[in-house]
Amino acid sequence: MAKMLEIRNLHAAVDGKEILKGLSLTVNAGEVHAIMGPNGSGKSTLSYVLAGRAGYEITSGAIVYNGEDLNALPPEARAAKGVFLAMQYPVEIPGVTTLTFLKTALNAQRRARGEKELDAMSVLKLVRTKASALRVSEEMLKRALNVGFSGGEKKRLEILQMSLFEPSLAVLDETDSGLDIDALRLVAEGVNALRSPDRAMLVITHYQRLLDYIVPDKIHVLSAGRIVKEGGKELALELEAKGYEQIVKDAA
Amino acid sequence: MNAPGAAEDFRAKGVPHRRVEAWKYTDLKSAVDVEQVASATAAQWTLESEGAEPIDFHDGGFAGAMGEASMAFAEAGFGLRVAKAGKVRVNFATPGQARVRLVVEPGAVLEYIETAEGDGFQNIGLDVSIGEGAAFTHVRIAREGRGVRIEDVNATVAARGTYRLQAAHFGSELSRLELKIALNGESAAAHLSGVSVLDARHADITTHIVHAHGDTESTQLFKHVAAGRARAVYQGRITVAEGADGSDSRQTAKALLLDERAEADLKPELEIFADDVKCAHGAAVDDLDADSLFYLRARGIPDDEARGLLIRAFLGEAFDGASDETRALLWAPVEEAL
Ligand SMILES: Nc1ncnc2c1ncn2[C@@H]1O[C@H](COP(=O)(O)OP(=O)(O)O)[C@@H](O)[C@H]1O
Ligand SMILES: [Mg+2]
């Protein structure tokens, strides 16, 4: 299988403080990998480094995506090349309606790829076909982006964006946090619907629960900025039973 | 006050400067002296009006020192009275001084669309009296200029009357819109909103709303975007007079600084002499939000476009209450300036 994402001995710092301390992993096209780890282990930091957030500095190592060094690209270029990050805390943007945002983002990506932009009607139709399955209402689309959305609504909108942009590498940062069981199922169905041989996913989660619904090919356990243990989907159950502390101790 | 009295008083006090509290952020004395103000020529304007009849422009009052100067020294001006429905468009394109007096009769409606442009020293004094149940809408576009540009507005609003301001300011070397609005009868209201979009220019909005009567309402929302060495000023004073119970006032001023050298001074001020009143005020100076910017870029929107989207969203809120036509009128120069 083709390597889609290869992270090699990645060291990254935020505000001069090293958070990722030699992280390596490889995800092939078609695979879904989970990253699990305690709070503060560096999961969100990894997601931001992958998306190219300013202030998250790679001090050594490399991120290679489809054979290309990601570090050289600004966030918008990564998005246009098919990298998508569903954020742990989606940002509220007053004054920009959700639909306007979706259209602007979709067309910006298309423009960057040299594709024809879509008119408002086509975008609306496309959004509607994706929105109903995720129970994103017309009314939500008219509201300012994420403003006044519940936790579950925000996460559903992240997944809606994922299905709209059809990325080839999707990173989901704790998309399950704050969701009740129905919302979790909805989100997981949305994610599973996008599983495909030419798409890879990195599912970041604190809890095993999500992985009952999105069954990963591989699990990596992150602790203090490093992968300390790897295994198949059964590792999630072991983590659930023993707790992170024990697993990290065993691995040391 | 008559003109000789105003002249004597203005000469005695001199041109306001930054040690005068109300002019702390607009040091007018650094730009003009008393003689320049006293001998300024008559401003010229173009005027289109419907539904209005001429009246004498000499009467009326003023909000601050420069309004007094316009009383004292302006030789030109116009006065209009609206009995039913009027629409007035005026463009002040030259330096100089002028007085304007508007009377909106009880139950009447007047839309006053004003643009100010050009360089040099321009000082316009406007006196508006709004009768019972009358509605006055003041749309103001002050284009970017290089001189000193002042407008001083003195308004009185009778019961159930409304003063509505919708403004777009683009700054000058020194510029100021000063308003004093007295809400003199039950359910009189003032709703002021506007934006300043400044690139290396100065714009000052100074308001004083006097809730002279109970059960009056005022709302204010001003948004400033400042780039380069721009300086945005908002001073909002609210006075609730003794006995003006049930008054409700809200004011918000926000500034977005796009450059480290840009500056914003936002100063709300409350003077409350009544008991049962609602007053809410807020002021905030920020940079563009880094989280928002990252979010948009991570979804493929290029940096420039993402900034533009956030700036427009920030400013747009100021015109939420405007009619489509007015919003389009105010938004066109905003787009040009961004
Ligand atoms: N902006 C920041 N500045 C400084 N330290 C940060 C910042 N963001 C995260 N950290 C630190 O980095 C570490 C990893 O955080 P994070 O990646 O959010 O972990 P996780 O997502 O696994 O909970 C934590 O110790 C956290 O305090
Ligand atoms: Mg996190």
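What share of the 338 residues of chain B counts as buried? The share is 58%, where buried means under 20% relative accessible area, with a 1.4 Å probe and protein chains only.

This is a predicted model, in which local features need pLDDT of at least 70, side-chain atom pairs count only at pLDDT 80 or more, and totals for chains, interfaces and linings use all residues. Residues are numbered from 1 along each chain as its sequence is written, chains are lettered from A and ligands numbered from 1 in the order in which they are written, and side-chain values use heavy atoms, leaving out hydrogens and water.

**View 1. The fold of chain B.** Chain B has 6 helices and 16 strands, counted as DSSP runs (helices H or I, at least four residues; strands E, at least two). Its radius of gyration is 19 Å, close to the 20 Å of the globule rule for 338 residues, so chain B is as compact as a globular protein of that length. The radius is taken over C-alpha atoms, and the rule is 2.2 Å times the number of residues to the power 0.38. The C-alpha trace spans about 60 × 45 × 40 Å along its principal axes.

**View 2. Where chain B meets chain A.** Here 18 residues of chain B are in contact with 30 residues of chain A; contact means heavy atoms within 4.5 Å. The two chains bury about 1900 Å² between them, 66% of it on carbon and sulfur atoms. Buried area is the accessible area (1.4 Å probe) that two parts lose on being put together, summed over both.

**View 3. Three residues at the interface.** Phe294(B), Tyr295(B) and Arg299(B) supply 42% of the area that chain B buries against chain A.

Conventions. Buried means under 20% relative accessible area, exposed over 50%, partly exposed in between (1.4 Å probe, protein chains only).
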